[in-house]
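Please open the structure in a viewer and keep the selection panel at hand. The stops below are meant to be followed in order.

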Amino acid sequence: MKLLRTIFFSPLTLLRLMVVVFMSGYVVVVGWFWLNLFGFSQRLQQWVMRTWGKSIIFFLGIKIDRNELPASNNFILMPNHRSYLDIFIVAGLTPAALVGKAELKKWPFGKLGAKVTNSILVDRSEIKSMLKTMHQIKASVNKNIPVTLFPEGTTYKGPLTKPFKNGSFKIAADTGISVIPMAIHYKDANDAWVGKDTFLGHFFRQMGKPYSKVFIRYGKPVSHSEYKILQSEVKSQIDNMLNELNQIASH
């Protein structure tokens with residue numbers, strides 16, 4: 001009942017939610033026709049991700065302060081994870097293929113969306129899934145389509161990062177693909193979506209603001225054959241960047 005009252009008195013938020021749903025459906029449908037007419041291509045993948053991400057960033061009033069992504073075609077992007085908003089931001093700024101949970105297939109447009117964006121959905125309960133994921137990541141990067149992995153495995157409010165999962169670093173170390181660390185920090189800490197908070201509940205609380213400010217920093221590419229060393233270096237870079245962004249955002 002409380003959520004229904006919030007929706008009723010939040011026309012801007014409701015409009016923004018409708019835009020998210022519409023743009024998600026629009027890019028997936030256009031992408032499906034493109035895929036069936038011309039086949040999969042890097043151009044298709046980047047158009048879908050960039051159009052989806054940038055349009056939603058614009059309509060949600062997300063203002064971004066960022067540095068430049070290091071020049072590279074072959075990399076795995078590893079950001080810290082604060083919110084579902086991270087996915088729109090990463091898609092708009094760095095249209096990489098996303099590695100996500102297999103459950104995303106059950107979301108509206110999820111299965112088809114993964115197909116047209118070359119995204120990789122992983123069943124973490126299966127050991128075979130890790131080997132399959134490694135081959136899929138390598139194949140994607142070889143096609144000059146970078147891959148985004150969230151090494152925390154879930155959202156975390158911060159202020160820094162929670163312990164990283166080992167799997168993504170084993171994959172990066174075994175394939176020899178460079179990792180670019182990425183720090184994401186929201187000026188409003190409540191923009192983080194964590195715990196048992198529902199998507200709609202969070203969206204209608206936070207997206208009624210005129211705008212939301214987010215700070216993005218890309219780190220230096222890292223590569224190493226030892227996954228523990230790679231993991232430590234990436235975590236150190238992200239935590240250092242988050243510390244700096246915390247100070248910037250507080251002024």
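**Before starting**

The model is predicted: local features need pLDDT of at least 70, side-chain atom pairs count only at pLDDT 80 or more, and totals for chains, interfaces and linings use all residues. Residues are numbered from 1 along each chain as its sequence is written, and side-chain values use heavy atoms, with hydrogens and water left out.

**Stop 1: the sheet**

Select the strands; helices (H or I, at least four residues) and strands (E, at least two) are DSSP runs numbered from the N terminus. They include an open sheet of 7 strands with mixed pairing, in the order β1-β7-β6-β2-β5-β3-β4. Two strands count as paired if DSSP finds at least two bridges between them. β1 and β4 (120-122) stand at the edges with a single partner strand each, so one side of each has no neighbour in the sheet.

Next, display β2 and β6 together: these strands run parallel and are joined by 5 bridges. Within this pairing, I76 stands opposite V179 in β6.

**Stop 2: the nonpolar cores**

Here a nonpolar core is a set of buried Ala, Val, Leu, Ile, Met, Phe, Trp, Tyr and Cys residues joined through side-chain atoms within 4.5 Å. Buried means under 20% relative accessible area, exposed means over 50%, and partly exposed lies in between (1.4 Å probe, protein chains only).

Select L60, L85, F88, I89 and I216, which have the most contacts inside the largest nonpolar core, a set of 38 residues. The elements giving two or more residues to this core are α2, α3 (42-59), β2 (75-79), α4 (85-93), β6, α8 and β7. Of these, α2 gives the most, with 8 residues.

Which residues does F88 contact, leaving aside neighbours within four places in sequence? They are V20, W52, G53, I56, I57 and L60, where contact means heavy atoms within 4.5 Å. Apart from this core lies another, of 29 residues, among them V122, I177, L230 and M241.

**Stop 3**

Centre the view on V28, which lies in helix α2 and is buried, with a relative accessible area of 6%. Not counting residues up to four places away in sequence, V28 touches F109, L112 and G113. The C-alpha atoms of V28 and V116 are 7.2 Å apart, although the two residues are separated by 88 residues in sequence.

Move to helix α5 (residues 110-117), whose buried residues are G110, G113, A114, V116 and T117. These buried residues pack against α2, α3, β3 (97-101) and β4. Just after α5, inspect the backbone of N118, which takes a positive phi of about 65°.

**Stop 4: the salt bridges**

The structure holds 5 salt bridges, each defined as a side-chain nitrogen of Lys or Arg within 4 Å of a carboxyl oxygen of Asp or Glu.

Select R217 and D65, whose closest N and O atoms are 2.9 Å apart in a salt bridge. R217 lies in strand β7 (residues 212-218) and D65 in strand β1 (residues 62-66), so the pair ties together parts that are 152 residues apart in sequence. R217 is buried at 18% relative accessible area, whereas D65 is partly exposed at 28%.

Continue to D191 and K209, a salt bridge with its closest N and O atoms 2.9 Å apart. D191 is in the loop between β6 (178-186) and α8 (199-206), and K209 is in the loop between α8 and β7, 18 residues apart. D191 is buried, with a relative accessible area of 0%, and K209 is partly exposed, at 22%.

Then select D239 and K235, which meet in a salt bridge at 3.1 Å, N to O. Both lie in helix α9 (residues 227-249), 4 residues apart, about one turn of the helix. D239 is buried at 13% relative accessibility, while K235 is partly exposed at 22%.

**Stop 5: a nonpolar surface patch**

Finally, show the surface and select V29, W32, F33, L37 and F38, which make a nonpolar patch of about 580 Å². Patches are made of residues with over 30% relative accessible area and no salt bridge; like charges are joined within 9 Å, and nonpolar side chains (Val, Leu, Ile, Met, Phe, Trp, Tyr) within 5 Å. Accessible areas come from the Shrake-Rupley method with a 1.4 Å probe, and for residues only the protein chains shown count as cover. L37 is found in helix α2 (residues 11-38) and counts as exposed, at 62% relative accessibility.
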